[in-house]
Amino acid sequence: MDAVRVSALRQHLVGTGWLEAVGGFAGSLRRSVSRRGAGELLLIGTEAYEPWHLAAHLADEAAWSAVPRLAPTLLRHAPPPGAPAHLAHGLSRLTGAGRGATVLVVAPEAAGAPLLERVQDARRQGATVLALDGAAPAEPGDLGGLAHERLAVGTTDEEPFDLAQHLVSAAAGRPRARRTALDRLAELAGRLTAPPAISRW
């Protein structure tokens, strides 16, 4: 994503309420991983969608913002044999996600029953569940109904969904106090055109 597109987006989003919604969701993510007794951040997608980019962006933000727990553990539905250590975590990690853990689920389309069951188990054990998902209305038993907080992107199209992840990670890395939405997007434009802090993803 280049600076020109981010600048155009900034102009387009002002006054829509979207920046405020992103900021609120990102603030909840930051508070969840920063609170006393916070555990790890577990990031999981669906069988059809793995949130690689969000994992990389959050890891960068953790390094830049000195909030180390923003660096997520990416959970995968079927990690292949011989995968690098940071890409070898399966859904079984959700079994031990109890009080203090934060589970961030990214699902452009509906999450399958096996994932929902594991997320529900983690919530019952005290984990905080956040959901970044598509446009489907929240209902009991689905991802939106299980989440303590949800950001519905409003579309499952790849580009807007990827953009939402950029905005959430950037906002989570910076406190909201004394900063306007335009300030945050201006800083985001600069960081999106800068070299990444790490490149293991």
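Contact here means heavy atoms within 4.5 Å.

**Figure 1. Confidence across the predicted model.** The structure shown is a predicted model. Mean pLDDT for the protein is 80, and 73% of its residues reach 70 or more. Strand 1 (residues 41-44) has the highest confidence, at 96, whereas helix 1 (residues 3-13) has the lowest, at a mean of 57.

Figure 2. Thr 102 belongs to strand 4, which covers residues 102-107. Thr 102 is buried because its relative accessible area is 0%, under the 20% cut-off. Its side chain forms a polar contact of 2.5 Å with the side chain of Ser 32. Leaving aside residues up to four places away in sequence, Thr 102 touches Leu 29, Ser 32, Val 33, Arg 35, Glu 40, Leu 41, Leu 42, Thr 128 and Leu 130.

**Figure 3. The largest nonpolar core and Leu 29.** This core holds 29 residues, of which Leu 29, Leu 70 and Leu 104 touch the most other members. At least two residues come from each of helix 2 (18-34), strand 1, helix 3, strand 4, strand 5 (128-133) and helix 6 (158-172). Helix 6 contributes the most, with 7 residues. Residues up to four places away in sequence excluded, Leu 29 touches Leu 41, Leu 58, Leu 70, Thr 102, Leu 104, Leu 130, Val 168 and Ala 172. Another core, of 21 residues, lies apart from this one and includes Ala 111, Val 129, Ala 131 and Leu 146.

**Figure 4. Ala 66 in a loop.** Ala 66 is located between helix 3 (52-65) and strand 2 (73-76). Although not a glycine, Ala 66 has a positive phi of about 60°. With a relative accessible area of 66%, Ala 66 is exposed.

Conventions: Residues are numbered from 1 along each chain as its sequence is written. Side-chain values use heavy atoms; hydrogens and water are left out. Helices (H or I, at least four residues) and strands (E, at least two) are DSSP runs, numbered from the N terminus. Buried means under 20% relative accessible area, exposed over 50%, partly exposed in between (1.4 Å probe, protein chains only). A polar contact is a pair of N or O atoms within 3.5 Å; within protein, one must be able to donate a hydrogen and the other to accept it, and residues adjacent in sequence count only if both atoms are side-chain atoms. pLDDT is the predictor's confidence in each residue, from 0 to 100. A nonpolar core is a set of buried Ala, Val, Leu, Ile, Met, Phe, Trp, Tyr and Cys residues joined through side-chain atoms within 4.5 Å.
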